[in-house]
Amino acid sequence: LKYISRIMNKDIFLTNNLNNKKEKFVPLNEKKIGMYVCGPTVYDNPHIGNARPLVIFDILFKVLKCKYGKNSVTYVRNITDVDDKIIKSANDNKISIKELTNKVIKNFEEDCLYLNLDKPNKEPKATDHIEEMIKMITDLIQKDFAYEKNNHVYFEVKKFKDYGKLSNKDIDELIAGSRIEVSEDKKNSGDFVLWKPSNKDEPSWKSPWGEGRPGWHLECSAMSKKYLGNHFDIHGGGIDLIFPHHENEIAQSRCANDTKSFANYWIHNGFITMSNEKMAKSQGNILSIKDVKDKGAGQVLRLALMSAHYKQPLDWNEKLFQDCQETIQKWYDGIEDFSVLEMIEKFPEKKPKLTGKRLLDKNDIVQIPDETLKPLYDDLNTPGYISNLHKLFNKTQKGNKNDKKIFISACNFVGLLIESREDWETSRWLSSRVELKVIKEKIKLMDKARENKDYVVSDKIRKELEDIGIELENKDGKTTWKLK
């Protein structure tokens with residue numbers, strides 16, 4: 001933590017959607033800061049829209065740990081492993097729910113490693129906390145905030161006077177603008193389900209209201225209560241969760257726990273869009289994290305996700321990814337001499353392996369200038385921080401070794417330039433999915449076509465090589481190449 005010690009004397013400001021204002025962050029207890037973030041519903045592999053909150057709240061986690069101390073922050077990110085979407089996906093794929101959720105959770109964990117995320121303190125699964133959910137429903141019924149009918153239990157929204165405060169709308173507006181489940185069992189159309197019967201072959205648990213399963217919103221209230229208490233500091237997630245999920249969490253938690261507050265700061269990231277449309281499985285315009293993995297190192301995706309302020313939409317396109325890849329490459333080229341060709345010559349016939357080495361040893365990490373850090377504690381201004389990284393990089397080109405350490409330390413803090421130059425180049429080589437002998441053969445064919453003045457063929461081969469990331473140069477009649 002020494003490399004960011006100066007942040008200790010600076011205030012952190014965050015945009016709090018509870019009142020839609022940027023506010024100074026004042027924890028309930030500096031020694032026990034709690035942050036809960038809604039994690040994945042494991043019915044399918046995560047897409048890059050899901051990756052954005054992972055990266056954003058990872059950065060917030062890092063900033064909080066460095067200001068208040070690693071042991072003073074508890075970060076909880078849940079896993080929803082029982083849900084209508086999960087049941088449908090398992091049926092569609094003709095596999096068991098357990099098989100599906102185990103597979104998706106494993107892929108999710110690999111994606112988190114790929115993105116260089118710090119591990120949360122707790123990653124609770126919904127199915128491990130059914131007992132806590134049943135207890136909370138029982139309390140809500142006893143306090144007359146919930147009612148049972150036909151083995152369903154509903155929360156009665158009109159009994160919670162602050163319902164709609166997070167969304168900044170009244171109940172009628174919220175119901176009119178959303179898809180609310182219609183049921184004759186409800187007293188009011190806006191009431192939401194806390195418990196419902198399970199159909200045959202669906203997951204079910206015994207309860208006072210019959211065998212069934214919890215509603216989606218309940219799990220986060222039960223798990224945040226268990227790990228962070230009735231009242232904690234920060235609750236986060238995507239902007240699409242404000243209503244109904246987070247609105248319902250506030251209602252059921254405050255009523256069950258008899259508190260005036262649930263979480264003090266509500267932080268939401270904007271959507272990732274493609275052609276200005278929200279990226280979502282329902283839209284059919286998703287790009288999975290696995291799709292991006294095939295293009296190289298996770299720090300490129302991480303840099304791309306940091307390129308816009310977290311509150312704003314981020315429109316995804318191939319140019320954004322390419323620009324970020326070129327930026328990382330420029331940084332590596334500028335701070336470490338390395339022969340890519342020599343490295344590739346080592347493994348012309350077999351698949352190379354990553355070394356796991358870091359670019360900078362942890363003992364060599366140095367203090368980052370306060371001016372560099374400033375954007376991060378001003379509402380996680382990642383574009384401002386990236387701009388400062390470029391400034392630090394420019395200083396490294398003057399040859400001062402300490403400037404290089406400062407630059408790499410500043411990159412490391414946000415999950416960039418952690419891997420060695422060799423591993424960076426190896427991962428790019430692997431992602432190109434082409435063997436050395438294939439490149440050499442194509443270059444021979446291109447040179448021969450040029451000698452025969454068959455420029456259509458030679459230009460075609462050149463383009464093929466450029467498309468897989470090969471940069472060609474002809475000097476003194478000889479063609480040389482390198483990875484872009």
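Start by selecting Asp379, which sits in the loop between H12 and H13. Helices here are DSSP runs of H or I with at least four residues, strands are E runs of at least two, and both are numbered from the N terminus. Before going on, keep in mind that this is a predicted model, where local features need pLDDT of at least 70, side-chain atom pairs count only at pLDDT 80 or more, and totals for chains, interfaces and linings use all residues. Residues are numbered from 1 along each chain as its sequence is written, and side-chain values use heavy atoms, with hydrogens and water left out.

**Stop 1**

Most residues other than glycine have a negative phi, and most peptide bonds are trans. Is Asp379 buried or exposed? At 3% relative accessibility, Asp379 counts as buried (buried is under 20% relative accessible area, exposed over 50%, partly exposed in between, with a 1.4 Å probe and protein chains only).

Now pick Asn381, found in the loop between helix H12 (370–373) and H13. Asn381 counts as partly exposed, because its relative accessibility is 24%. Leaving out residues up to four places away in sequence, Asn381 touches His309, Pro375 and Leu376; contact means heavy atoms within 4.5 Å.

**Stop 2: two helices side by side**

Select helix H10 (residues 318–335) and helix H13 (residues 382–396). Their axes come within 10 Å and cross at roughly 25°. Axes are lines fitted to C-alpha atoms, for helices over the stretch in contact, and angles run from 0 to 180 degrees between N-to-C directions. H10 and H13 are therefore roughly parallel to each other (angles under 35 degrees count as roughly parallel, over 145 as roughly antiparallel, 65 to 115 as roughly perpendicular and the rest as oblique).

Which residues make the contact? Show Thr327, Lys330, Trp331, Gly334 and Ile335 of H10, together with Leu389, His390, Phe393 and Thr396 of H13. The residues of this contact divide into four nonpolar, four polar and one charged. In that count, Ala, Val, Leu, Ile, Met, Phe, Trp, Tyr, Cys and Pro are nonpolar, Asp, Glu, Lys and Arg are charged, and the others, Gly among them, are polar.

**Stop 3: a sheet of four strands**

Next, colour S5, S6, S7 and S8. These four strands form an open sheet in the order S5-S6-S7-S8, and the pairing is antiparallel; two strands pair if DSSP finds at least two bridges between them. At the edges are strand S5 (146–149) and strand S8 (212–214), each pairing on one side only. Ignoring direction, neighbouring strands of this sheet are turned by 20° against each other on average.

Walk across it from S5. S5 and S6 pair over four bridges in the antiparallel sense, and Lys149 has His152 in S6 as its bridge partner. Their hairpin has two residues between the strands, and Asn150 in it takes a positive phi near 50°. In strand S6 (residues 152–155), His152 and Tyr154 point one way, Val153 and Phe155 the other way, and all are buried.

S6 then pairs with S7 over three antiparallel bridges; look for Val153 and its bridge partner Trp195 in S7. Strand S7 (residues 192–197) and S8 likewise pair in the antiparallel sense over three bridges. There, Lys196 stands opposite Arg213 in S8.

**Stop 4: a sheet of three strands**

Move to the open sheet with the order S12-S11-S13 and mixed pairing. Strand S12 (277–278) and strand S13 (314–315) are at the edges with a single partner strand each, so one side of each is left without a neighbour in the sheet. Strand S11 (residues 272–274) pairs with S12 in the antiparallel sense over two bridges. Zoom in on Met274, which stands opposite Glu277 in S12.

**Stop 5: two backbone details**

Select Phe243 and Pro244: a cis peptide bond joins them, with omega about 5°. Pro244 is found in helix H7 (residues 242–257).

Finish at Lys453, in the loop between helix H16 (436–451) and helix H17 (455–467). Phi of Lys453 is positive, near 60°, in a residue other than glycine. Lys453 is exposed, with a relative accessible area of 61%.

**Zooming out**

Of its 484 residues, 54% count as buried.
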